[in-house]
Amino acid sequence: MKASYDALIVGAGIVGAAVAYRLAERGLSVAVLEAEAVPAAQATAKSAAGVRVQFSEPVNVRLSWSSIQEYRDFEELFGVSSGYRPIGYLFLVPRELERAYEDALALQRSLGVPVERLELVEARAKVDFDPAGLAFATWGPADGVIDPHLVAHAYLKAARERGAELLTETPLVSAERQQGGWRVRTPRGDYAAGVVVNAAGAWAGEVARRAGFELPVVPVRRMVFMTGAMPEAQGLPLTVDVATGFYLRGEHERLLFGRSNPDEPPGFREGMDWSWLEPTLEAGLGRFPWLERAGLDQRASWWGYYAITPDHNAILGRMPGVEGWYNAAGFSGHGVQHAAATGRAIAEEIADGRAHSIDIEPLRYERFLEGRALREQRIV
Ligand SMILES: Cc1cc2nc3c(=O)[nH]c(=O)nc-3n(C[C@H](O)[C@H](O)[C@H](O)COP(=O)(O)OP(=O)(O)OC[C@H]3O[C@@H](n4cnc5c(N)ncnc54)[C@H](O)[C@@H]3O)c2cc1C
């Protein structure tokens, strides 16, 4: 046995990093196993970096708001800015969803998060769009972007300052229960731990399988397209055309845009699927005719894996029937905005016996056994 820890965290993305920091902060001995040569090189480095409170399920609103506040105050806490820029998220609501979005606004307000209902004329002052078929827009003034890669590294640095170890090029190959905890096998030797946290992102299903049980998390490829410089892009908020799922935002002088392909099959399919560009642009042009002037920068566009669960929401907390195993995975397209709060909740679950800063019940694995899949309506 190479070493023994209170907790082994599998995956050094933004989620594993946040969990590692929160556990180390509590004085637990922690190691983070990372398959790659460097941390945070997978989904964390490939996201669109958006953070928003605009969800329809209370647990998701709370995870986001708690995380956004941590990212906002990051420099005070960690001595480095998270790159948080509250550029805002604008959802363009089609008439047929008017009621659902009114209800979500009421829920978000009842939870005390900053959201506004904008008339279309007000929304058009922020982004130029064709208002056909739309009822109104919702606006999150504290929503925006962060630098997820930087945040993950900051958590890891803070964790290591508190004694945590980062073991790169050390994938979990298998794991088995042994007295008092787990024995985890890696190509670099075996490690013992009281508990294991599965924060392996799109690989979380595979990691669970290697430990001898099933976790419903699968990889699904997603793409982000980037234009060359265009004056219209400057300062544009993250705008979602709800009717088509097309989204865009300004990235300094460029425009970033995308749309999830509902027919993309699960699996580790690599590379850009350029055939998805046309359906994406078609959807976008209908709402934002000025996109006609956009020139794509192929080399600046990228792809990565969403970690998808049956209801497109994370699986958090203790794994029922698998002693000493904790899930922090399956965040679909919203793990960046939930990572900070997840770090705290999982550390509480391990150290205090139960997550208490946020009620994670709706996101526990048991929901799939009990027919309580989450009906989150703001999956982008
Ligand atoms: C194109 C795209 C756009 C996105 N946009 C947004 C957005 O705007 N906002 C948002 O909140 N989220 C967004 N997301 C989702 C977000 O990126 C993820 O939810 C988040 O990064 C998940 O972090 P993670 O730490 O769980 O996973 P990852 O960052 O993928 O980290 C998992 C780590 O586990 C490691 N690993 C895998 N197998 C093993 C093993 N056997 N042993 C050890 N280590 C292992 C991997 O190498 C990896 O480093 C987007 C994702 C993509 C792909």
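Reader: In which sense do strand β10 and β11 pair?

Author: This is a predicted model, in which local features need pLDDT of at least 70, side-chain atom pairs count only at pLDDT 80 or more, and totals for chains, interfaces and linings use all residues. Residues are numbered from 1 along each chain as its sequence is written. Strands (E, at least two residues) and helices (H or I, at least four) are DSSP runs, numbered from the N terminus, and two strands pair if DSSP finds at least two bridges between them. Five bridges link β10 (residues 181-186) with β11, and the sense is antiparallel.

Reader: Which residue in β11 stands opposite Trp-182?

Author: β10 and β11 form a hairpin, with two residues between them. Opposite Trp-182 stands a residue of β11, Ala-193.

Reader: In β18, what is the bridge partner of Asn-198?

Author: β11 is joined to strand β18 (residues 325-329) by three bridges, and the two run parallel. The β18 partner of Asn-198 is Asn-327.

Reader: How many bridges pair strand β1 with strand β11?

Author: Ala-3 stands opposite Tyr-191 in β11. Strand β1 (residues 3-10) pairs with β11 (residues 189-198) in the parallel sense, and the number of bridges is seven.

Reader: Which are the edge strands of the open sheet of eight strands?

Author: The order in this sheet is β5-β6-β4-β13-β14-β15-β12-β16, with mixed pairing. Each edge strand pairs on one side only, and these strands are β5 (116-118) and β16 (302-308).
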